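Please read these numbered points with the model open beside you. Each point takes up one part of the chain and can be checked by eye.

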Amino acid sequence: LEQAIAVDGASADAATRDALAAWIRGAAAAEDTLPKDPESGPLLSTTMARGIARLRRGDLERAAAAFRAAIKIASDFPPAAVYLGACYAAGGRDREAAGAWQLVLALGQEDAVVYRLTADALLRLGDAGAVDDVLKDAVRAFPRDAELTRRVALARASAGDAARALELIEPLLAGGSPEPDVEVLAVKLAITLAAGNTTSDHAGDLARLQRYSQLLARGRERPPP
């Protein structure tokens, strides 16, 4: 919202800015406490704030309408598309959510969180090819992001490449992964590889399964963060 106020510039007078600042500080600010738009037309900041207020209370359709209106006011304002995607995802419309977030990336706003959101939506859709395309760019931009690496592994697993998926998450397991779902995925992949193993190295399969199972058991014993 502070970014939106900056975009509004002189269109938002001092009283409107002060009212919005107070609204931002409110823990659960209601839509009806927002300042009125000037006669010249709706402001980006108040339009975004209306969308956020509606999203907070689960009014997804009207929240999405507000964020679409914000995009019309400032088509190059990425947060509007990020929030629009959130509305779509919350409503189970992952294809539209991925499209909104891909728009953000297309605007040159390379952000690790937006890459993750996009990949997650495409993974839920089972669109392994599109996930690969998104994650290639993501890993190039953020090569040390473990969250993105995990999503690459999930994409490889969903495409049936269990060996490559396990190869990618092995470094995340070093010293014990902080995320139990990574350990669960490792166990599942190890089982898949063991089931398809036509060689005599079943002892290696068993040792790997035992190692991953021990990691998973230790993870369950860890206190929550």
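1. Bear in mind that the model is predicted.

2. Now the helix itself. Helix 5 has 13 residues, which at 1.5 Å a residue should span 18 Å; the C-alpha atoms at its ends are 19 Å apart, and this agrees. Seven places need a look here: P78, A80, A81, L84, G85, C87 and Y88 are the buried residues of helix 5. Their packing partners are helix 3, helix 4 and helix 6. An α-helix has 3.6 residues a turn, so residues three or four places apart point the same way. With that in mind, trace the buried positions P78, A81, L84 and Y88, which are among those listed for helix 5.

3. How many aromatic pairs does the structure hold? There are two. One of them joins F67 and Y83, which are stacked, with 5.2 Å from centre to centre and 25° between the planes. F67 sits in helix 4 (residues 60–73) and Y83 in helix 5 (residues 78–90), so the pair links distant parts of the chain, 16 residues apart. Y83 has a relative accessible area of 31%, so Y83 is partly exposed.

4. The other pair has another geometry. Y115 and F142 are edge-to-face, with 6.3 Å centre to centre and 70° between the planes. Y115 belongs to helix 7 (residues 112–125), while F142 is in the loop between helix 8 (128–141) and helix 9 (146–158), so the pair ties together parts that lie 27 residues apart in sequence. Y115 is buried, because its relative accessible area is 4%. F142, with a relative accessible area of 25%, is partly exposed.

5. Which residues of helix 8 are buried? They are A128, A130, V131, D132, V134, L135 and A138. What covers these buried residues includes helix 6 (94–106), helix 7 and helix 9.

6. D8 is placed in helix 1 (residues 2–8). D8 is buried yet has no salt bridge. The nearest side chain of opposite charge is R17, at 7.1 Å, and a salt bridge needs the nitrogen and oxygen atoms within 4 Å. What does the side chain of D8 meet instead? A polar contact of 2.5 Å joins the side chain of D8 to that of S45. Apart from neighbours within four places in sequence, D8 is in contact with L43, L44 and S45.

7. Elsewhere, salt bridges do form. A search of the whole structure finds 17 of them. One is between E31 and R54, whose closest N and O atoms are 2.9 Å apart. E31 lies in the loop between helix 2 (14–25) and helix 3 (44–56), and R54 lies in helix 3, so this pair links distant parts of the chain, 23 residues apart. Both partners are buried: E31 has a relative accessible area of 18%, and R54 has one of 12%.

8. E31 has a further partner. The side chains of E31 and R57 meet in a salt bridge of 3.1 Å, N to O. R57 is in the loop between helix 3 and helix 4, whereas E31 is in the loop between helix 2 and helix 3, so the pair ties together parts that are 26 residues apart in sequence. R57 is partly exposed, with a relative accessible area of 47%.

9. Follow R57 onward. R57 also forms a salt bridge with D59, with the closest N and O atoms 3.7 Å apart. D59 is partly exposed, at a relative accessible area of 22%. Which residues make up the network? Salt bridges that share partners join E31, R54, R57, D59 and R62 into one network.

Conventions
Residues numbered from 1 in each chain as written. Predicted model: local features only at pLDDT ≥ 70, side-chain atom pairs only at ≥ 80, totals over all residues. Heavy atoms only, no water. Phe/Tyr/Trp six-rings, centres within 6.5 Å; stacked < 30°, edge-to-face > 60°. Helix = DSSP H or I, 4+ residues; strand = E, 2+ residues; numbered from the N terminus. Buried < 20%, exposed > 50% of the residue type's maximum accessible area, 1.4 Å probe, protein only. Lys, Arg positive; Asp, Glu negative; His and termini not counted. Polar contact = N/O pair within 3.5 Å; in protein donor to acceptor, adjacent residues only side chain to side chain. Contact = heavy atoms within 4.5 Å. Expected span 1.5 Å × (residues − 1).
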